[in-house]
Amino acid sequence: MNSVELSEVITDFGRLIGRVEETGERVCITDGGKPTGMLLPAAELAELEHFAQRVHGGPRPRPKTVERPVGPEQQGSYIRYTYPDGVRMTFTRDRVIVAELRSVAELDWLEDNARTGRQGYMDPKQATAFEEFLTRQPPVGDGIAWIADDWRGQEPFTVLEFIKGLAAEEVALAYGADAQDIADGLLLHQVREWDARDGTDDLLRVLVFGEAAGWTWLGYHDFDNAFSPLLNPPPPQQITLTATMAKAIYDFSYSKDGVYQNPFPIEDGDDARRDMYELIWYTPGETPFASNAPLAFLNPHIRRAEKETHWADSIPLFFAGLERAFNLSLPRDAITSGQVRCARPARR
């Protein structure tokens, strides 16, 4: 890769742009020997932008605005347009974009996201066939749709979480569960029996946990913030479903590597936007998520659940879509009978 000191070309990029246009190669722009920008063909940048927008990998690094950009400048046979930050530049010839200058940090961000976007890329026919294959797969084990109606009534839990890549005991401890209860193998039916015998309400203050289909699952109530997740680094995938019956709020969130997957398209630079998704917004027969939103991949799974399951209500249907999209499952008989592990909050 060629590199050129900024001071050598700042007044006239013309010859350098000609080389980029002719060879299709990038040129690194240095300032005092330190790489600060990359000059690359416009077509290459367009390809990176296309694939990078398929994922949401955190905020795009942008240089700060430092000055009002000067007007278009003729540089050889090219016109240079400078952005307000004084770093990014666009070069055109005969009103056609030829090359772009981007900061090293922004280009690294684009390449990382484009790499992720390409991994899941298929041509339209392949994508359609693969989506059909995936959505036709039955749920693993008991699935999770069976618990949806009780969950909506805040039974047996107000919060359901599914975490990928971490063992159940490890997650329970990170959430603040009592280590002795975990070591003792405390079971949910034991807590139920204590409450019935002693008139206590420990059942509302336990973390129930287990593993199914490659996920760690958690169930608990969040009435008094008895459990607080402290997962560092964040898990590869995390799904949270929260029911607040008194306010009729039932929300769903999904994160990858700690990055919240927004249910709506995110405008460039709008990294602070964090819209929740309420399950009552979903109407069977309608596509839940915009086609360019991070959660759009759920659409075919939810639509397939509408066609191939017996569920009629929107929340069980949404759960049925999730169980197919992520292979989620909860042990129905074990939870119902209380033969699942649990722990009380750690003693302080």
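**Reading contacts in a predicted model**

Tutor: Begin with Arg60, which is buried, its relative accessible area being 16%.

Student: What does buried mean here?

Tutor: Buried is under 20% relative accessible area, exposed is over 50%, and partly exposed lies in between, with a 1.4 Å probe and protein chains only. The model is predicted: local features need pLDDT of at least 70 and side-chain atom pairs count only at pLDDT 80 or more, while totals for chains, interfaces and linings use all residues. Residues are numbered from 1 along each chain as its sequence is written, and side-chain values use heavy atoms, without hydrogens and water.

Student: With which residue does Arg60 form a salt bridge?

Tutor: A salt bridge is a side-chain nitrogen of Lys or Arg within 4 Å of a carboxyl oxygen of Asp or Glu. The partner of Arg60 is Glu49, and their closest N and O atoms are 2.9 Å apart. Arg60 is in the loop between α3 (42–52) and β4 (73–75), Glu49 is in helix α3, and the two are 11 residues apart. Helices (H or I, at least four residues) and strands (E, at least two) are DSSP runs numbered from the N terminus. Glu49 is partly exposed, at 25% relative accessibility.

Student: How many salt bridges does the whole structure have?

Tutor: The search finds 18. In one of them, the side chains of Arg93 and Glu21 meet at 2.3 Å, N to O. Arg93 belongs to strand β6 (residues 89–93) and Glu21 to helix α2 (residues 14–23), so this pair ties together parts 72 residues apart in sequence. Arg93 is partly exposed at 28% relative accessibility, and Glu21 is partly exposed at 33%.

Student: Where do Arg26 and Glu111 lie?

Tutor: These two also form a salt bridge, with the closest N and O atoms 2.7 Å apart. Arg26 sits in the loop between α2 and β2 (27–31) and Glu111 in helix α4 (residues 104–119), so the pair joins parts 85 residues apart in sequence. Arg26 is buried, with a relative accessible area of 16%, whereas Glu111 is partly exposed, at 23%.

Student: How do I read an aromatic pair?

Tutor: Rings of Phe, Tyr and Trp (its six-membered ring) pair if their centres lie within 6.5 Å; planes under 30 degrees apart are stacked, over 60 edge-to-face, and the rest tilted. This structure holds 16 aromatic pairs. Among them is the tilted pair of Trp151 and Phe319, 5.2 Å centre to centre with 50° between the planes. Trp151 is in helix α6 (residues 148–152) and Phe319 in helix α11 (residues 314–326), so the pair connects parts 168 residues apart in sequence. Trp151 is buried, at a relative accessible area of 1%, and Phe319 is buried, at 0%.

Student: Which residues form one aromatic cluster?

Tutor: The cluster consists of Phe252, Phe264, Tyr277, Trp281, Tyr282, Phe289 and Phe318. Of these, Tyr277 and Phe289 are both buried.

Student: Why do the buried residues of α9 line one face of the helix?

Tutor: An α-helix has 3.6 residues a turn, so residues three or four places apart point the same way. In helix α9 (residues 188–198) the buried residues are Leu188, His189, Val191 and Asp195. Seen down the axis of α9, they fall within an arc of 160°, so they line one face of the helix; the arc is that of the directions from the helix axis to the C-beta atoms. They pack against β9 (207–212), α12 (332–337) and β15 (341–343), contact meaning heavy atoms within 4.5 Å. Just after α9, Gly199 has a positive phi of about 70°.
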